[in-house]
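The following exercises concern one protein chain.

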Amino acid sequence: MRKIEAIIKPFKMDDVREALADIDITGMTVSEVKGFGRQKGHTELYRGAEYMVDFLPKVKIELVVKKEYVERCIEAIMSTAQTGKIGDGKIFVTPVERVIRIRTGEEDGEAV
């Protein structure tokens, strides 16, 4: 089992969800987050005053999948979330030791 966390631009969320659904990935957790990397942030003008926006809005997608689905998920996310511009995001893949479905007590592959 692997956990895939992808940080992407918010306007790409629907495309990524559809691409994952096309490869039979239906369960995911999505959070609105803020952050910055090399993109750093930018200045904006509000009521005549300039201010610095340090943290940019992003979307974080979390999936737990069987190991054999990892590469398909990564390809689906990259092919749909990539704009070629700075700030496209990151994908993190980490091992998951155990998954338990609270309602039934099912574990690991059956619980996902």
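**Exercise 1.** Determine whether D108 is buried, partly exposed or exposed, and state where D108 lies.

*Solution.* Step 1: residues are numbered from 1 along each chain as its sequence is written. The model is predicted, so local features need pLDDT of at least 70 and side-chain atom pairs count only at pLDDT 80 or more, while totals for chains, interfaces and linings use all residues; side-chain values use heavy atoms, without hydrogens and water.
Step 1: buried means under 20% relative accessible area, exposed over 50%, and partly exposed in between (1.4 Å probe, protein chains only). D108 has 29% relative accessibility and therefore counts as partly exposed.
Step 2: D108 belongs to the segment after β6 (89-95); strands are DSSP runs of E with at least two residues, helices are runs of H or I with at least four, and both are numbered from the N terminus.
Step 3: the phi angle of D108 is near 50°, a positive value in a residue other than glycine.

**Exercise 2.** Describe D24 by its location, its accessibility and its phi angle.

*Solution.* Step 1: D24 sits in the loop between α1 and β2 (29-35).
Step 1: its relative accessibility is 64%, so D24 counts as exposed.
Step 2: phi of D24 is near 70°, again positive in a residue other than glycine.

**Exercise 3.** Which residues of α1 are buried, and how are they arranged around the axis?

*Solution.* Step 1: the buried residues in α1 include M13, V16, A19 and L20.
Step 1: they cover an arc of only 130° around the axis, which puts them on the same side of α1; the arc is that of the directions from the helix axis to the C-beta atoms.
Step 2: an α-helix has 3.6 residues a turn, so residues three or four places apart point the same way.
Step 3: the exposed residues D14 and D22 are carried by the face of α1 turned away from its buried side.
Step 4: E18 is also found in helix α1 (residues 13-22). With 42% relative accessibility, E18 counts as partly exposed.

**Exercise 4.** Compare the sequence separation and the spatial separation of I61 and I86.

*Solution.* Step 1: I61 is part of strand β5 (residues 56-65), and at 1% relative accessibility I61 counts as buried.
Step 1: I61 and I86 are 25 residues apart along the chain, and their C-alpha atoms are separated by 19 Å.
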